[in-house]
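Hi,

Here is the structure I promised to pass on. Have a look at it first, then read my notes below.

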Amino acid sequence: EIQDQRTSIIKVNHIRGEVSISDPKASTGQGPKTFHPDDAFNSETSQKDIYDCVAFPIVDSVLHGYNGTILAYGQTDAGKTYTMQGNINSRELTGVIPRAIEQIFNRIESTPNKQFLVRVSFFEIYNEEVHDLLGKDPKNQLKVRENSDSESYVEGLLSIPVETAAKAYQKLVTGIQNREMRLIRMGE
């Protein structure tokens with residue numbers, strides 16, 4: 001049981017695989033919100049274990065023709081960048097994106113009888129603003145649109161073909177360098 005700064009009470013039930021959050025100040029009859037996450041990891045979990053459990057099956061499905069999304073969402077300083085990017089200079093600490101690049105190009109190399117087209121896009125959403133981190137001007141704000149099939153897309157987002165893992169890593173590094181780093185005031 002954990003009580004956070006706003007006095008919410010968070011309970012984790014490992015047997016039932018659920019997390020419940022309750023607000024002691026809530027009106028009577030308003031019970032806790034209960035969630036059933038697929039998995040939960042602690043700070044001791046390795047980047048490889050997180051990738052193998054969460055991302056590997058999604059990337060594998062993509063390689064079989066299905067759409068897949070891996071999204072890191074959460075408050076500032078919760079570890080999203082570390083999980084997705086990791087330390088790209090350390091094999092052990094490499095995050096989801098570099099490992100996905102490796103998985104994709106390993107599959108391509110082991111499947112010589114098929115043709116693959118790999119495209120790379122890298123955008124950031126911050127304070128409801130979308131920026132193309134591979135574009136000519138990463139500070140230029142893009143719009144999220146919907147096509148006639150009700151599919152969302154980012155208007156003007158670059159989609160760059162890459163033929164090798166090295167070229168994909170190069171785009172990753174470019175995107176990382178173009179990320180907007182902001183200082184935030186905590187505790188407000």
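**What I found**

The second largest pocket is lined by 36 residues, and Asp 39, Ala 40, Phe 41, Tyr 73 and Ala 78 lie nearest its centre. A pocket here comes from a 1 Å grid over the protein atoms alone: it is an open set of points where a 1.4 Å probe fits, with protein on both sides within 12 Å along at least five of seven lines, and lining residues have an atom within 4 Å of a point. β2 (9-13), β3 (18-22), α1 and α2 each give two or more residues to that lining, with the largest share, 5 residues, coming from α1. Helices (H or I, at least four residues) and strands (E, at least two) are DSSP runs, numbered from the N terminus.

Before you go on: this is a predicted model, where local features need pLDDT of at least 70 and side-chain atom pairs count only at pLDDT 80 or more, while totals for chains, interfaces and linings use all residues. Residues are numbered from 1 along each chain as its sequence is written, and side-chain values use heavy atoms, with hydrogens and water left out.

Now to helix α1, residues 47-63. There is a kink of about 50 degrees at Ala 55, shortly before Pro 57; the bend is the angle between axes fitted to the seven residues ending there and the seven starting there. Ala 55 is also one of the buried residues of α1, as are Gln 47, Ile 50, Tyr 51, Val 59 and Leu 63. Buried means under 20% relative accessible area, exposed over 50%, and partly exposed in between (1.4 Å probe, protein chains only). Their cover includes α2 (80-84) and α3 (96-109). Just after the helix, Gly 65 has a positive phi of about 100 degrees.

What about the largest nonpolar core? It has 11 residues, including Ile 101, Val 120, Leu 134 and Ile 160. Such a core is a set of buried Ala, Val, Leu, Ile, Met, Phe, Trp, Tyr and Cys residues joined through side-chain atoms within 4.5 Å. α3, β5 (118-120), β10 and α4 (165-178) each give two or more residues to this core. Another core, of 7 residues, lies apart from it and includes Ala 55 and Val 59.

Last one: Leu 158, in the loop between β9 (152-155) and β10 (160-162). Leu 158 is partly exposed, at 35% relative accessible area. Beyond its neighbours within four places in sequence, its contacts (heavy atoms within 4.5 Å) include Val 120 and Leu 134.

Cheers
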